[in-house]
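Hi,

Here's the structure I promised to pass on. Have a look at it first, then read my notes below.

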Amino acid sequence: MSDSQRKVIILFPALLLFGLVFAACGVAQASEEAIEARWQSSAHANKEARAFTFWNDKDPAEIPVNCAKCHSTPGYRDFLGIEPNTTAGQVDHPAAVGTTIECEACHNDAAAAKDRALMPSGITISGLGREVNCIACHQGRASGKAVRETVAGQPADVVNAALQLPNIHNNPAGPTQYGAEAQGGFEFDGRSYAGQYEHVVEFETCIACHDPHTLQVQVEKCSACHLGVESAADLSNIRVNNIDYDGDGDVGEGMGGEIETIQEYLLLAMNVYAAKTEGVEQIVFDGRFKNKAGDNYTTWTPRLLPAAYNYQYSAKDHGNYVHNNKYIIQLLYDSLSDLGANTAGLIRPEN
Ligand code: HEC
Ligand code: HEC
Ligand code: HEC
Ligand code: HEC
Ligand code: HEC
């Protein structure tokens, strides 16, 4: 080997090292900007969304205390107890309109130290990591317990015009994931329900599956185990079990399809129940429950209300098949049973 060749060989690693350090600085700098851009692309940054503009035309134009925690940055910081004159765990002041879910909502000492979330059922889920802030907002606003209290002590099949459906309100991913440990759904007496969904341990938290800034599901990570998953459209086709929960003979469809069929059965069963129960109108669902004329639904009975609540709960969680499909199917199955529907062809998941 000549001297000049040796020099090249020695130089090469040195250059490489220099290059790597240089590149690392570039990456670190770009990543801060990249994160900003990723967040900008997300629903959390969408200034035009109804979730952030709903109060703009109200008088006064401010977000009231019962909405501010989840619909603004100052409201969430008030809830964390880090705005002036605020107490942790409650919202003390209405929030100004005009914010979204900004960096400062999730990146502050209180959000970093937080390790438990109080659910609408009154149950606290503790021992949480950085997904805790997701769960504080994505937890819905009602629980099976609220439904139970609403119907307690009343004859099951008698219309009560005073009954109102507790509104779950949004994608209740947090309670779904924790199942019976959070009691988001209406759980029937004498039945047992699945607890926290046990996926593979590396993909058990909100932020393992959802990028915390784009909020998108990190599809490329799923395909390592779920072959054939190439885009978000493929996610609801995932399944690993071969149990025909909906009894349609198709165990090739994804868990999303299993749940959809059982949801259809439940809406049908609610209408069969309506047809044979005095004073109960036919029921339609378009995000809310309506009668055939398109008016808000009012002819609730104490038996219909829990079934409708569970239906709406499952329909509002757009990730129901992945957040905890066993819990969701159990709620739908038991609602069908309670309405007197024939469940002979269906399979209730074991916990
Ligand atoms: C526990 C947190 C929480 C509370 C409290 C809350 N919301 Fe929401 N809300 C959400 C979340 C999360 C979404 C977005 C759901 C999604 O798109 O996945 C949402 C969506 C919305 C939307 C947009 C979707 C739609 O239905 O048009 C409106 C409007 C809204 N909420 C109004 C309100 C009002 C009014 C209040 C107070 C009375 C309130 N929210 C209280 C969490 C909350
Ligand atoms: C909804 C909550 C939320 C919002 C809003 C948010 N982040 Fe994050 N961010 C997170 C979470 C959670 C992680 C940790 C992800 C992990 O550990 O996998 C993170 C990680 C980071 C990191 C890596 C360092 C660290 O703390 O782990 C940076 C840098 C960052 N975010 C910057 C930003 C910036 C800048 C914004 C605003 C443009 C922003 N984030 C908005 C939740 C959020
Ligand atoms: C302070 C309350 C708050 C926190 C904290 C929060 N979110 Fe959100 N999130 C919202 C609201 C409000 C919306 C609706 C925004 C919109 O409609 O544009 C939303 C929207 C979303 C969406 C899109 C839903 C849809 O309908 O398209 C996803 C997914 C999501 N958030 C996941 C997360 C994850 C993951 C975390 C934790 C890293 C998190 N969120 C933390 C309030 C919050
Ligand atoms: C095992 C992976 C996984 C985990 C864990 C997970 N999600 Fe999801 N989530 C999904 C998938 C898949 C969807 C469906 C997305 C789609 O259809 O594009 C979804 C849907 C959602 C949606 C509705 C988005 C929309 O477009 O309507 C929200 C909001 C959401 N998840 C929030 C959360 C929160 C908050 C947590 C933690 C409590 C969580 N998710 C945990 C995979 C996961
Ligand atoms: C390391 C392998 C692995 C990765 C990565 C993975 N999963 Fe899974 N997934 C599994 C296993 C194993 C199960 C079965 C768990 C059980 O016992 O219910 C499963 C179950 C599921 C189910 C329920 C299927 C059924 O039949 O009940 C869904 C939906 C799902 N995963 C979605 C996802 C999504 C979305 C991602 C990416 C964010 C992901 N998985 C990443 C291994 C993985």
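**Around ligand 5**

Ligand 5 is surrounded by 19 residues, and the closest are His199, Cys222, Cys225, His226 and Asn241 (a residue is near a molecule if one of its heavy atoms lies within 4 Å of it). Before you go on: this is a predicted model, so local features need pLDDT of at least 70 and side-chain atom pairs count only at pLDDT 80 or more, while totals for chains, interfaces and linings use all residues. Residues are numbered from 1 along each chain as its sequence is written, chains are lettered from A and ligands numbered from 1 in the order in which they are written, and side-chain values use heavy atoms, with hydrogens and water left out.

Now for the polar contacts (pairs of N or O atoms within 3.5 Å). An oxygen atom of ligand 5 sits 2.6 Å from an N or O atom in the side chain of Asn241. A polar backbone atom of Val240 is 2.7 Å from an oxygen atom of the ligand, and for a polar side-chain atom of Asn325 the distance to a ligand 5 oxygen is 3.0 Å.

**The iron of ligand 3**

His44 and His138 both coordinate the iron atom of ligand 3 through NE2, at 2.0 Å (donors are N, O and S atoms within 2.8 Å of the metal, or 3.2 Å for Na, K and Ca; water is not among the atoms, so sites may look incomplete). The site is octahedral, with angles of 87 to 178 degrees among its 6 donor atoms (six donors count as octahedral if opposite ones are over 155 degrees apart and all others between 65 and 115).

Cheers

Note on methods:
A polar contact is a pair of N or O atoms within 3.5 Å; within protein, one must be able to donate a hydrogen and the other to accept it, and residues adjacent in sequence count only if both atoms are side-chain atoms. Four donors count as tetrahedral if all angles lie between 85 and 135 degrees; four count as square planar and six as octahedral if opposite donors are over 155 degrees apart and all others between 65 and 115; anything else is irregular.
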